[in-house]
Amino acid sequence: MNSSFKNCLVFTAITVFFFSCQKGVDKPVKTEEEIATAVNNGSGATQISGVGFWDATDGCNSAGQEADFALTMTGDIEGCLYVFVDEFECSPSGTYRELGMELFVGTYNGQSGSFWTTYRFEAKYEDCNENGSFEGLEILGRCQHPIVEGSGTGVFNGVSGRLDLKDDIEEGNYPYRGHLRF
C-alpha cells in the first residue's frame with residue numbers, strides 16, 4: 001500500500017471519528033428523571049419488582065372474591081393477587097402444571113387500581129395425587145402472568161405487560177419482576 005493512500009485512510013478515519021463524536025456536543029445528556037418520564041409516557045415499559053407472600057391470615061379475604069387463594073404483594077405493586085385455578089395436572093414424576101386467572105387489586109405509586117392476568121404455573125413436587133393435585137413439598141416452581149388487555153382500572157387503566165414469579169422455596173415467598181406498559 002503506498003504512503004499517500006495510507007495517509008488518506010488515516011485522515012478519513014480521524015475525520016469520521018471526530019465528527020461522529022461531535023454530533024452529541026450540542027445535545028444535553030438526558031437525566032435519569034427524563035429517561036424515567038419517557039419510559040412511563042409510553043415510549044417503553046416500566047420495570048417492576050417485589051415479593052409476594054402466601055396470604056395465610058386471609059387479610060385479602062379471598063373467599064369474598066370467590067378466589068381459590070390469594071397472595072399479598074409488596075414492592076412496586078402492593079395489594080392482593082386473587083388466584084382462580086381453572087385447570088391442573090400432575091404427572092407421576094411430580095411435575096405439576098396449573099392454568100387460571102388472577103385479579104390484582106391494589107396500588108402502584110400510591111394510586112389505586114386493578115387488573116386481570118392469565119397465568120401458567122409449573123412446579124416440581126415430591127409426589128402427585130390420583131386426582132392430579134400435588135402432594136408433599138414443592139421442590140421448585142415458577143409462573144408467568146400476562147396482563148389481560150383492557151382489564152385495567154384506576155392507575156392500571158390501559159396497562160399491558162407481564163409479571164413473572166419464581167418461588168423461593170427456602171424463604172417461602174414469591175419474588176416477582178415484570179414490565180408494565182401504560
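User: Why is Asn-109 called exposed?

Analyst: The model is a predicted one. Asn-109 has a relative accessible area of 60%, and exposed means over 50%, so the label exposed applies to Asn-109. Asn-109 sits in the loop between E4 and E5.

User: What is the phi of Asn-109?

Analyst: The phi of Asn-109 is positive, about 50 degrees, although Asn-109 is not a glycine. Most residues other than glycine have a negative phi.

User: Which loop holds Glu-66, and what is its phi?

Analyst: Glu-66 lies in the loop between strand E1 (46–54) and E2. Phi of Glu-66 is near 60 degrees, a positive value in a residue other than glycine.

User: How do you know whether Glu-66 is buried or exposed?

Analyst: The relative accessibility of Glu-66 is 70%. The cut-off for exposed is over 50%, therefore Glu-66 counts as exposed.

User: What makes Ser-133 buried or exposed?

Analyst: Ser-133 has 19% relative accessibility. Buried means under 20%, so Ser-133 counts as buried. Ser-133 is placed in the loop between E5 and E6. Leaving aside residues up to four places away in sequence, Ser-133 touches Phe-88, Cys-90, Tyr-96 and Cys-128.

User: Why is the pair formed by the side chains of Ser-133 and Asn-131 called a polar contact?

Analyst: The distance given for the two side chains is 2.7 Å. A polar contact needs N or O atoms within 3.5 Å, one able to donate a hydrogen and the other to accept it, so a pair at 2.7 Å is inside the distance limit.

User: What is known about the largest pocket and the residues around it?

Analyst: The volume of the largest pocket is about 440 Å³. Its lining consists of 19 residues, and Trp-54, Phe-69, Phe-121, Tyr-125 and Tyr-174 lie nearest the centre. The elements that give two or more residues to this lining are strand E2 (69–75), strand E3 (77–90), strand E4 (95–108), strand E5 (111–128) and strand E6 (134–146). E6 gives the most, with four residues.

User: How do the lining residues of the largest pocket divide into nonpolar, polar and charged?

Analyst: In this lining, 14 residues are nonpolar, one is polar and four are charged.

User: How many helices and strands does the chain have, and how much of it is buried?

Analyst: The chain has two helices and nine strands. Buried residues make up 33% of its 182 residues.

Note on methods
Residues are numbered from 1 along each chain as its sequence is written. This is a predicted model: local features need pLDDT of at least 70, side-chain atom pairs count only at pLDDT 80 or more; totals for chains, interfaces and linings use all residues. Side-chain values use heavy atoms; hydrogens and water are left out. On a 1 Å grid over the protein atoms alone, a cavity is a set of points where a 1.4 Å probe fits but cannot get out, and a pocket is an open set with protein on both sides within 12 Å along at least five of seven lines; lining residues have an atom within 4 Å of a point. Grid points are joined across faces, edges and corners, and a volume is the space filled by probe spheres set on the points. Ala, Val, Leu, Ile, Met, Phe, Trp, Tyr, Cys and Pro count as nonpolar, Asp, Glu, Lys and Arg as charged, and the others, Gly among them, as polar. Buried means under 20% relative accessible area, exposed over 50%, partly exposed in between (1.4 Å probe, protein chains only). Contact means heavy atoms within 4.5 Å.
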